[in-house]
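The following note sets out points for a colleague who is examining this entry. Please read each point against the sequence and the coordinates.

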Amino acid sequence: MRQSYRIIPVYTADVSGVCSALYELGGMVVMHDPSGCNSTYNTHDEIRWYEQDSLIYISGLTEIDAVMGNDAKFIRDIEETAKELHPKFIALAGSPIPFMNGTDFPALAQVIETETGIPAFAIPTNGMHDYTYGAGLAFAKIAERFVQPLKETKNADADVTSITTIPHTLNLLGVTPLDFGPQQNADCMKQNLAKHGWQVISTWAMGDSLENLSHAAEAEVNLVVSSVGLETAKILKEKFGTPYVIGTPVGDFTEDLVMVLEQVTKNTDKKKKSSEEESAPDGQDKPEIPYLQNRLSEPQEITLIGEAVTMGSLAAAIEKKYHKAVRVICPLETNAGLLALNDRVAKGEEEVQELLKDARIIIADPLYRPICPKSSSFYELPHIAFSGRIFLRDIKEGKYLSEI
Amino acid sequence: MLKRVGGEINPEGAVTTIGEAEFPVPFPPGLEFNSPVHGNWNIVHTGMLMPEAIQIYVCADNCMRGVVLTAAEMNAADRFSFVIVEEENLLNGNLEDVTIEGVTDVLNKTEKKPKVVLLFTVCLHHFLGCDLDRVYEELENRFPEIIFVRCFMDPIMQKHGLTPDQKLRKALYDPLEKRSSDEKVVTLVGDDFALDETCDIKRLLRSGGYTLKELTACTNWEEYQELGSGKMLISCYPPAKYGAEMLAERLQRTHLYLPGSFDYEEIKEEIRTFAEAVKNSVSNVEKNDKGAILRNTENSMSFEDLEVFFQQEIVLCEDALKHAKSIIGDTPVALDYLYHPRPLGLAKLLLTHDFNVTTIYLDSISAEEKEAFDWLKVNCPNLELRATIHPKMRVLPRENEGKILAIGQKAAWFTGSRNFVNMVQGGGLWGFDGIRRTAEMMTEAFLEEKDTEDLVVRKGWGCESCI
């Protein structure tokens, strides 16, 4: 049965995804939940909780308030806290019982925003989706509400104004500890790109501020490094015409990714020029996903399990370096268009186990090991969104897959 | 690196003095913060105490994540399975079917069938009116060799009724069969920790040739069933009281609630009551197994000489407290409710022995502590109370100038202290011995720093932890 799990855990859920995405942005996130969501989140899904403050709370929903539909208490508690702590925004996230009750979160957010003057929005979570969905929608809300349009600048030698992005800059979209672990990994990714001549304007959202994110429109291109950043990329494309490339700079794949970044920005420039001349629509027609290109089609020797973009990129890096075909099993729901022909979507322990039956070499979170064939070779690659903090110490020490 | 948000925060609402505090809720309710202190036991830890049992949870992803990783972190993933509830199950109203078929599937995949399944249903089952009788009846028909225990993870109910924790501490004893009682056996019900071997209750029982049976010591089903042989039941941990009362009623046994205390008079009264009940519950109280008169066999303790015993114990307690005070001096002391269910009682004890107790971390005050509350209100009105879940506690300063002795993990985290007593829920402390152990642990904590960040984030103090 797809919904039953004998031995492996579940991935981080949507509610925690919202909190993780918005953690460093100075807002307040309120999970409408009786108890447990906050403890689960801060224990297993949030590696920054001990040493970095963030205004993340639960409402402490009670049976009587749920039955009577007492939203007034929820609103009052949020407004009182906001009045004292002055968050930059207020995000509301629902859990199973409010979902079942049909709690009108957008309306509650509107009331709160009107009464406090603080931007407030709802993320339609219910605790029954995975983090890629919740975190993705949270970032999308930030893009909708806070990213500023480019300012017009006057050319020095002429009385002409223009709106320009900053050359060779990008935003990293979809960076949370759930996929990338500690800050050092996000910094490493930025340094890697800097070596190839690309400066990062904003990182969504580790080691960065809401202020920096609001300047995202100044970037020449967006780099979607996990599926969590996909919705944001689409919004920034729609609002500002910023093209986007999907892929994670990892190992030898980084060079391919950078080449595509160069190509996309060149094409965008050309299209802009032709657009100015011919009034044609500008920007890319479809997203560039370089890790899906030139993939080996021979029978797969290696199986990766995890998030679509990071694992797809890792698959490309492995194929390039070792010339062995790799397939990805993606158990997460944000995967449409992000997987190669031989990759597979699998929901639940039973489906993953079935797909792993013939696997010879498996690279996955260590907690997958109990459902892998005994005859397979297993390489550990911990994923915070799966095993939580269990392997964090070793992750910080860079123990895993350093050869790639 | 500690990063802060919110700038200067007025502590009002999250901090008060006991002189101004209201009983039993000193802080206004509202949004809730959860600190990174996780040494308290949750329902997974407690459920693992039952030998030859596995736990199966039926809930949504987000609720599941916390419990499944609790099991994984305590290296008990092989005793934990689950069934995920999805949106369509709520919309289609087939929660009974999903629960039955999911549990069946898990059990069919389990090579060695467990003796017992602790089946946890959740808030959703309650709100959707799931027919749990039908669920259990069907599962019992399908797996007649397995005992299904009704457990709950329904925190939405906990503010107006029993908590999931209280219900579990009852459920864990539901499979106990009624058997003939052993007059030399007393059973402790509902504790997460074995009572210390040196604690007053165990010494008293040993001196009379009695045995204390505890769930924590059971390694197999037979040992578990022997818990039912206790002629008398006792419970010491407040959340265990409800389950112990239910069990006593079902098994028709005497039950005594003997909460851990830091008050000499209360301890004396509890021991007197206990000794009397033990005497009355056995047919031949004057004779021990060898036919000898019960006398002072251990540490001058006997049923007959309780008053002498009390005097000696109090002298020893006073010595221990004096010794601790001579080392700790006027160093500020902060303590919390997680260290022991009687934080106010502990504060009173320490303040009356000249310790510089400055702060107590708690969110509500137990009815059992009303007397201590009233005493402190009159005699130490400036004693500070700090909330642990109030939203401001996320951002109020956690560093202090100078050394602070923290008693309990939450006090350690909120004060930023590395000198702390690392224990939760009263541990195995009880009675005069508990007072002495606390004094000793305070001294040790004062003299030796601990790695607060490494210790307090670990779930389930005393359990295995793989992080």
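1. Two strands are taken to pair if DSSP finds at least two bridges between them. Helices (H or I, at least four residues) and strands (E, at least two) are DSSP runs, numbered from the N terminus. On these terms, strand β1 (residues 4-5) of chain A and β3(B) pair in the antiparallel sense over two bridges. Ser4(A) is placed opposite Val83(B) of β3(B).

2. The model is predicted: local features need pLDDT of at least 70, side-chain atom pairs count only at pLDDT 80 or more, and totals for chains, interfaces and linings use all residues. Residues are numbered from 1 along each chain as its sequence is written, while chains are lettered from A and ligands numbered from 1 in the order in which they are written.

3. Chain A holds 16 helices and 16 strands. Its radius of gyration (taken over C-alpha atoms, with a globule rule of 2.2 Å times the number of residues to the power 0.38) is 22 Å, close to the 22 Å which that rule gives for 404 residues, so chain A is as compact as a globular protein of that length. Along the principal axes, the C-alpha atoms of chain A fill a box of roughly 70 × 60 × 35 Å.

4. A residue is called buried if 20 or more other C-beta atoms, placed from the backbone, lie within 10 Å of its own, exposed if 12 or fewer, and partly exposed in between. Of the 404 residues of chain A, 55% are buried. Two residues are in contact if their C-beta atoms, placed from the backbone, lie within 7 Å. Among contacts in chain A between residues at least 6 apart in sequence, 69% link residues at least 24 apart.

5. In the interface, 60 residues of chain B are in contact with 59 residues of chain A. On the chain B side, α2 (61-73), β3 (80-84), α3 (87-92), α4 (95-109) and α5 (123-127) each supply at least two residues. The most comes from α2(B), with 10 residues.

6. Helix α1 (residues 14-22) of chain A has nine of its nine residues buried, so it is largely enclosed by the rest of the structure. Val18(A) is one of these residues. Leaving aside neighbours within four places in sequence, the contacts of Val18(A) include Val29(A), Ala91(A), Ile123(A) and Ala138(A).

7. Ile78(A) lies in helix α4 (residues 71-85) of chain A. This residue counts as buried because it has 29 C-beta neighbours inside 10 Å. Residues up to four places away in sequence not being counted, Ile78(A) touches Val30(A), Ile90(A), Ile112(A) and, from the other chain, Leu31(B).

8. Chain A contains an open sheet of five strands in the order β14-β13-β12-β15-β16, with parallel pairing. At the edges stand β14 (344-345) and β16 (377-380) of chain A, each with a single partner strand, so one side of each is left without a neighbour in the sheet. Strands β12 (residues 302-305) and β15 (residues 361-364) of chain A pair in the parallel sense over three bridges, and Thr303(A) stands opposite Ile362(A) in β15(A).

9. In chain B, eight of the nine residues of helix α13 (residues 343-351) are buried, so this helix is largely enclosed by the rest of the structure. The cover over the buried residues of α13(B) includes β10 (333-336), β11 (357-361), α14 (370-379) and α16 (431-447) of chain B.
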